[in-house]
Amino acid sequence: MDFSNLKVLLSAPLELTWQNVVMMLIGGVLIFLAIKKDYEPMLLLPIGFGAILTNLPLTGITGEDGMLGILYKAGISTELFPLFVFIGIGAMTDFGPLLENPKMAILGAAGQLGIFVTLIIAILLGFSLKEAASIGIIGAIDGPTAIYVSSKLAPHLLGPITVCAYSYMSLVPIIQPPVMRALTTMEERTVRMPYSQKPVSRLVRVLFPIVITIVVSLIAPKASPLIAALMFGNLIREALVVDRLNDAAQNELSNLTTLFLGITIGSTMNGMDFLKPTTLYILALGLGAFVLDTAGGLLMGKIMYLLSKKKFNPLIGASGISAFPMSARIIQRFAAEYDFENFILMHAMGSNAAGQLGSVVAGGVVLALLSGTI
Amino acid sequence: MKEIKISFNGKKYDVKVGDATTSPVEVVVNGKSYQVEFEAESSGPVAPAKTASPVAPVVVTTPVVSTPAPVTAAGNGSGVRAPMPGTIVAVDVKAGDKVTRGQQLVSLEAMKMKNAIRAPMDATIKEVYVTEGAKVQYNDLLVSFE
């Protein structure tokens, strides 16, 4: 009998490298974290599965005509997926607390400190300018912005940057409190701020997304697609006349895009590309960016605390990042730990909504600054 | 701002009084800010606040429209108000219950976050004004104490 045909059955296992095996294990860990620890399961689960798929040899699934290859070309190279996600986020975000308290916008800007500091550190570590900018953008703590920017500037780092951004997003409750504890005094943490009721008219709510889109597009044209998608979603929400579109943006569009986005990002986690010292640097720099963002927001909060004659709770600054509304909730929980009668949630929501906006603008600014080199 | 430390019925209060020559005067009790207006019978706006300590908490309890519930200078006739708008998702006490400081009275969901509204002091519940599912506005009375 001729057994040579059986070799066909062994061809795939023989192609398997140790890197593939390690990456499949990492994919398994991501799935484990999603299921057991509830770490951003909406993304880490599909990413984990995508990572396993892409490391199975000879499947052709990530090839030009493979499912994941086609999805990558259609949704990531074109940046459509992150923009679709932003339409959904815009529809989900209530900018009311920010409109009630426009000075919170300052905190949303301060919360982007990490992006720029990390960019500089990454350059010093030997990354190219484009790579450094993509790594810095992890500091936006904003998955879609990170995907959007790095797919333009450094597509070869997309896998580690995305995994890093989403992992840290899920770690907001673990990473922020120690930073807040280290940088604030007991007196600062327990500043009480009564809820200030300033009703925002429907006209303002409707005009806000339109005006922001025009202003940001004129200042930073490269940020226009990001901000326009976010604001389009928000306009659908605030118009109050297109309930079906609002529902679709918040649910069907977001869910479907997230599903494809996750598995496609996972498919970039090829062992040969992923298992490099670079990935470890990115993980470390991303964490640094996140901590610096929180610190930047807190420092600005402290300045406002001093300027307001100790009436402004500096913790609110820490929510000037984009993890909306998670960060605001964490700040409320943290403040209540020290004084259960202190409710700064609505103020923190304002700063958090500003952070959502700030990270998108920061992503656009980074793209604009580097546009000459693209 | 003038800082005064007082104790009233065995409870300590940090009181800061703003410019007492104006009305309303800003008075901060334990970090909460109140706008206090003087009644006509008081001899001009200057006198009461300037005499400092014992007067301050009494001044605070004279209610002025739309200020938050005073942090209850005395336990009597006080209550707990909604610190922000939201929906009541749980009511953990009923009239007649004795509660201790820090005990959860109701749970208020705002911006999809559940917030425990706790008793600011040891007290007996006189009346509960909200039920599960009730929507409340800022400063609505939730629970009153005897």
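Modeller: Happy to! Let's begin with Ile87(A), which counts as buried because 24 C-beta neighbours lie inside 10 Å, and the cut-off for buried is 20 or more. Keep in mind that this is a predicted model.

Colleague: Thanks! Which helix is the place of Ile87(A) in?

Modeller: Ile87(A) belongs to helix H5 of chain A, which covers residues 80-92.

Colleague: And leaving aside neighbours within four places in sequence, what is Ile87(A) in contact with?

Modeller: With those set aside, Ile87(A) has contacts with Ala229(A), Phe232(A), Gly233(A), Ala249(A) and Leu253(A).

Colleague: What percentage of chain B counts as buried?

Modeller: Chain B has 146 residues, and 32% of them count as buried. As for contacts in chain B with a separation of 6 or more, 51% come from residues 24 or more positions apart.

Colleague: Can you show me a sheet? In what order do the strands of the open one in chain B come?

Modeller: The order in that four-stranded open sheet of chain B is E9-E8-E6-E11, and the pairing is antiparallel. Strand E9 (113-118) and strand E11 (135-136) of chain B are at the edges; each has a single partner strand, so one side of each has no neighbour in the sheet.

Colleague: How many bridges join E8 of chain B to E9(B)?

Modeller: Six bridges link E9(B) with strand E8 of chain B, residues 104-110, and the two run antiparallel.

Colleague: Last topic: how many residues of chain A are in contact with chain B?

Modeller: On the chain A side there are 15 residues, in contact with 14 residues of chain B. Helix H20 (326-338) and helix H21 (345-369) of chain A each provide at least two residues of the side of chain A that touches chain B.

Colleague: Which element gives the most to that side of chain A?

Modeller: That's H21(A), with three residues. Sorted by class, the side of chain A touching chain B has nine nonpolar, three polar and three charged residues.

Colleague: Great, thank you!

Technical notes
Residues numbered from 1 in each chain as written. Chains lettered and ligands numbered in written order. Predicted model: local features only at pLDDT ≥ 70, side-chain atom pairs only at ≥ 80, totals over all residues. Contact = placed C-beta atoms within 7 Å. Nonpolar A, V, L, I, M, F, W, Y, C, P; charged D, E, K, R; others polar. Pairing = 2+ DSSP bridges. Buried ≥ 20, exposed ≤ 12 C-beta atoms within 10 Å, placed from the backbone.
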